[in-house]
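Reader: I have a new model open on my screen. Could you walk me through it?

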Number of protein chains: 2
Amino acid sequence: MTTILVLGGFGFIATNILRYIDRNAFHEYEAVIFDKFPHHIKGVACQCVKRVYSGDFADELIIEKIFRENKIDIVLHCLSNTVPATSQNARFDVESNLIPTLNLLAIMERHDVKDIVYLSSGGAIYGDALQKIHNEEEAVYPKSSYGIVKLAIEKYLLSFSELYGFRTLILRLSNPFGPYHYNDRQGFINIAIRRALKGLPIEIWGSGEGKKDYIYIDDVSRIIHGFLDSGIETGVYNVASGIVLSVNQIANHVAAEFQTTEIKHIDASKIDVQSFQLDITKLQNRFKDLVFTDFQTAFIKTVEWQKNNID
Amino acid sequence: MTTILVLGGFGFIATNILRYIDRNAFHEYEAVIFDKFPHHIKGVACQCVKRVYSGDFADELIIEKIFRENKIDIVLHCLSNTVPATSQNARFDVESNLIPTLNLLAIMERHDVKDIVYLSSGGAIYGDALQKIHNEEEAVYPKSSYGIVKLAIEKYLLSFSELYGFRTLILRLSNPFGPYHYNDRQGFINIAIRRALKGLPIEIWGSGEGKKDYIYIDDVSRIIHGFLDSGIETGVYNVASGIVLSVNQIANHVAAEFQTTEIKHIDASKIDVQSFQLDITKLQNRFKDLVFTDFQTAFIKTVEWQKNNID
């Protein structure tokens, strides 16, 4: 039995991974959750979760306590206390995300836990570059503090791998969407569907013409499970589907599904990356049999889930 | 008259730049110094210095006070509270260098000061890569926290340039050497000469075979003055001489100069970058008439200065 410490364990991505484990790998993995909340915001329960700790990620005593009280094998770091739009208080961003991650690495070192999977961001790390497909080896130009902090964390992870024998797997995710998404600050597809269901206009920041990669959360869960199953190795991978859509295309898609929905354009924040595609050659070489859920199927599943889970 | 706020104003590099201004641009520039010390450690005085503030860089009230009490035109950021070998307390590194720089940028924004020159590191930023000449556009792999923090600061500077109209000039220096060097933790040429003068063995960390770029500090001062004089523009430049030497070559050179000196090899720290060369095409395109002091001349000048300034 492998014990995973899931940081941000009640969040969108972690909840999906844990439910995936419940369905597909229940006898192989058990999870210890750390989250700022003491329980899931909507009461979603995952059977593989054995224990929950809640508190502030910056409080190193509670993180230390988790490692003292549990034999952790792998850390799955899905925790961010900011989103791109809220990260421009750069000092808060550094103090609430970077420094706690450095504390975590020091605690892992003390407890001889050396395997970590870090969820980085394919959108925020690379920065703007129209009509270019980003690969993991290129120079990056993050615009937001969110992206800069994620880059710094990536570099510390690689440094800990080289200097102290950590195995640090860095996954640069594109935009995941799907069930168990409750965040109103990040995740355009889910937010647009929710607004349509409530009869609110869909809000588009900027022209909406930039195209970004979207990936169904079940595909993300399956890929992360694949990485866990085959043993953590140091490296950086883009995790994306190749389904590249503009915000306008998505808004029109949602509007067509719900027929009456209004679309409203709002001035874009300069920190938002307007366009990106990710090269997934490296991921495809790692998992030869990789298939992605087609957009229409994923979209309909997301709509169905949202219909049953609207406030 | 242009007023420069020099952070780390009593350090090796800043002292040389200020003395260069004294000699060549006294009627154009005046300096306000911030340093952890209240006066130069050896009493070296520069005429262009109008005012000195001392304190902890992390104390934002004193930085705020400087901007309230002086009309600053340009910030010259030469301050680091760590060197590569001492930066592995990563949290201290972040808290004493990155966060204070973020505070500084916020204060500059409030006082509408938008020009900043940042001294980054050509050695620590790129990381190890034998037989490769690094250029400013390539992906970087810093090994030490020192390099990671410098990279994060670079990215915040570029972000402030894009989002808030700052002009942020980033200079990735190779290894400077020459007069007014008093640091025993960084700067192999000066340290080796000092040890030879004291009859101590020269210490070499690792094999000493890796080759690095060394630049005479007067050349650095002239280049930085050139940048100041032509107006700050956002960009990243390698600042190096193309004089590439192994530590063994330097040690032998020093030993020959002082005849009797012993050379001692010590196990290398894994965080030290063993080799690097910097591509200076971009710098040469910026300053068409760039000439560098030849190594032998620079070396002899450094020896002469050290002879007159030994403890």
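Reader: Happy to start in the interior: are A:Tyr180 and A:Trp305 buried or exposed?

Author: First, a word on the source: this is a predicted model, where local features need pLDDT of at least 70, side-chain atom pairs count only at pLDDT 80 or more, and totals for chains, interfaces and linings use all residues. Residues are numbered from 1 along each chain as its sequence is written, chains are lettered from A and ligands numbered from 1 in the order in which they are written, and side-chain values use heavy atoms, leaving out hydrogens and water. Buried means under 20% relative accessible area, exposed over 50% and partly exposed in between (1.4 Å probe, protein chains only). By that scale, A:Tyr180 and A:Trp305 are both buried.

Reader: Thanks! How many aromatic pairs does the structure hold over all chains?

Author: Rings of Phe, Tyr and Trp (its six-membered ring) pair if their centres lie within 6.5 Å. Over all chains, the number of such pairs is 20.

Reader: What kind of aromatic pair do A:Tyr180 and A:Trp305 form?

Author: Planes under 30 degrees apart count as stacked, over 60 as edge-to-face and the rest as tilted. Here the rings lie 5.6 Å apart centre to centre with 55° between the planes, so A:Tyr180 and A:Trp305 form a pair that is tilted.

Reader: Which residues form one aromatic cluster?

Author: Four names answer this one, each from chain A. The cluster is formed by A:Phe177, A:Tyr216, A:Phe295 and A:Phe299.

Reader: And how are α3(A) and α5(A) oriented to each other?

Author: Helices are DSSP runs (H or I, at least four residues), numbered from the N terminus. The axes, lines fitted to C-alpha atoms over the stretch in contact, come within 10 Å and cross at roughly 15°. Angles under 35 degrees count as roughly parallel, over 145 as roughly antiparallel, 65 to 115 as roughly perpendicular and the rest as oblique. Therefore α3(A) and α5(A) are roughly parallel.

Technical notes: Axes fitted to C-alpha atoms, helices over the stretch in contact; angles between N-to-C directions. Helix = DSSP H or I, 4+ residues; strand = E, 2+ residues; numbered from the N terminus.
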